Amino acid sequence: MRRYIARWGIAAVLGVVGGVALSAQAGPTDLPKVDAASADRGRTVWVAQCIDCHGSQARGTDKGPNLVRSVLVLHDRYGSELEPFLKKGHETQSGTPSASFTHDQVVDLANFLRQRIDDTLRGSPIFVVQNILTGDATRGAAYFNGAGGCASCHSPTGDFAGIAGRMSPVDIQQRMIFPSLGGRGRGRGRGRGAGPATTAATPEVTVAVTPPGGATVSGALVQMDDFTVTLRNASGDLQTFRRTPDMRVVKTDPLQAHHDLLDRITDQDMHDLVAYLETLK
Ligand code: HEC
Ligand code: HEC
């Protein structure tokens with residue numbers, strides 16, 4: 001546990017010096033502290049520019065996604081992800097270009113969003129610490145190997161051997177729900193080489209693009225929306241495709257199972273799984 005804290009502690013210090021470089025490795029266990037005054041200022045910007053589409057609690061509307069579950073927002077540290085995202089250009093309610101937001105405004109928005117995430121975690125019964133070790137390890141093992149489908153990607157004698165020695169129960173639970181991919185598309189190219197977390201073995205979101213009548217090109221997903229898709233191909237070059245209706249685009253997210261976890265898993269399953277993983281000393 002101490003080693004774990006030390007690791008994130010160093011990441012946090014470097015994060016300030018190195019700006020965005022470490023955002024990809026900052027995990028959800030390293031939750032940035034919310035500055036309440038900044039979050040209040042952020043709320044004002046939110047109401048003026050974002051609330052119509054993302055909702056009052058940032059949990060989304062039919063016009064914009066839930067940002068409390070957004071990987072970009074979860075990885076954000078004081079604007080490290082949000083700032084480049086808004087600089088690229090994003091819709092706003094007033095029509096003000098999002099690229100014109102000041103750094104302080106972005107930090108305020110980041111604090112406001114982090115506060116929404118913290119509220120969501122606090123409000124959820126699965127995050128009540130004293131509940132965490134009330135699970136049944138035998139049922140957890142059955143769920144892991146059966147209905148939960150965890151065994152198709154994880155193994156108690158492989159990647160999860162000794163996991164209980166590496167992480168506290170709270171960390172296990174949080175990372176189960178908000179796991180992080182070190183080398184996600186958005187972080188690449190900016191922070192590469194700066195942090196020790198990005199290794200060749202890190203799983204990443206990939207995309208395969210097949211233009212009509214053309215050959216399939218695949219690589220790490222960098223950016224995708226309704227109009228274009230950008231990937232980094234095997235030789236490390238960026239390739240952007242303009243999307244057309246007859247173009248086939250297949251995205252593969254190694255964490256898809258986790259994005260679905262919050263919707264599917266019951267509190268009891270969660271407690272049972274943590275109790276089971278706690279036996280893997
Ligand atoms: C007109 C509706 C609209 C407004 C206004 C709007 N958004 Fe969005 N936002 C969307 C939609 C749709 C998406 C998903 C597509 C995309 O990424 O552009 C999105 C995506 C995002 C994402 C990326 C989520 C992810 O995981 O990729 C962030 C962060 C975000 N918005 C923040 C903001 C902030 C901050 C504001 C206010 C400054 C704002 N948005 C204003 C509609 C909106
Ligand atoms: C489709 C594959 C897949 C499935 C299914 C899956 N996981 Fe994962 N899981 C991953 C990946 C990929 C990571 C990211 C770990 C990494 O970057 O090495 C991860 C991370 C985790 C972590 C954090 C580990 C760490 O070292 O930070 C936990 C805990 C976890 N998963 C538990 C589960 C449980 C419990 C289930 C079943 C309910 C499950 N996973 C199902 C692929 C999967």
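Sort the shell around ligand 1 by class and you get nine nonpolar, six polar and three charged residues. Here Ala, Val, Leu, Ile, Met, Phe, Trp, Tyr, Cys and Pro count as nonpolar, Asp, Glu, Lys and Arg as charged, and the others, Gly among them, as polar. Before going on, a word about what you're looking at: this is a predicted model, where local features need pLDDT of at least 70 and side-chain atom pairs count only at pLDDT 80 or more, while totals for chains, interfaces and linings use all residues. Residues are numbered from 1 along each chain as its sequence is written, chains are lettered from A and ligands numbered from 1 in the order in which they are written, and side-chain values use heavy atoms, with hydrogens and water left out.

Back to the ligand. Of the 18 residues around ligand 1, the ones that come nearest are Cys50, Cys53, His54, Ser70 and His90; a residue belongs to this group if one of its heavy atoms lies within 4 Å of the molecule. Three helices, H3 (51–54), H4 (71–75) and H5 (82–87), each supply at least two residues of that shell. Helices, by the way, are DSSP runs of H or I with at least four residues, strands are runs of E with at least two, and both are numbered from the N terminus.

Now for some polar atoms. His54 has a polar side-chain atom 2.8 Å from a nitrogen atom of ligand 1, and His90 likewise has one 2.8 Å from a nitrogen atom of the ligand.

Buried means under 20% relative accessible area, exposed means over 50%, and partly exposed is in between (1.4 Å probe, protein chains only). A polar atom of the Ser70 side chain also lies 3.2 Å from the backbone nitrogen of Leu72.

The loop between H3 and H4 also holds Ala58. Ala58 isn't a glycine, yet its phi is positive, at about 65 degrees. Its relative accessible area is 0%, so Ala58 is buried. Tyr78, in the loop between H4 and H5, is another residue other than glycine with a positive phi, near 55 degrees. At 37% relative accessibility, Tyr78 counts as partly exposed.

Phe112 is in helix H6 (residues 103–123) and is buried, with a relative accessible area of 0%. Along the sequence, Phe112 and Ser38 are 74 residues apart, but C-alpha to C-alpha they are 7.4 Å apart in space. Leaving out residues up to four places away in sequence, Phe112 touches Ala39, Gly42, Arg43, Trp46 and Ser56, where contact means heavy atoms within 4.5 Å.

Phe227 sits in the loop between strand S2 (217–224) and strand S3 (228–232). With 60% relative accessibility, Phe227 counts as exposed. Again setting aside residues up to four places away in sequence, Phe227 touches Phe241, Arg242 and Arg243. Phe241 is 14 residues from Phe227 along the chain, and their C-alpha atoms are separated by 8.5 Å.

Now look at where two helices cross. The axes of H8 (residues 137–145) and H13 (residues 267–277) come within 7 Å and cross at roughly 100 degrees. That makes H8 roughly perpendicular to H13, since 65 to 115 degrees counts as roughly perpendicular, under 35 as roughly parallel, over 145 as roughly antiparallel and the rest as oblique. Axes are lines fitted to C-alpha atoms, for helices over the stretch in contact, and angles run from 0 to 180 degrees between N-to-C directions. On the H8 side, the residues that meet H13 include Tyr143 and Phe144, and their partners in H13 include Leu273 and Tyr276. By class, the residues of this contact divide into eight nonpolar, two polar and three charged. H13 is mostly covered, with nine of its eleven residues buried, among them Met270, His271 and Val274.

Finally, step back to the whole protein. There are 13 helices and five strands, and buried residues make up 42% of the 281 residues. Of the contacts with a separation of 6 or more, 62% are between residues 24 or more positions apart.

Technical notes:
Polar contact = N/O pair within 3.5 Å; in protein donor to acceptor, adjacent residues only side chain to side chain.
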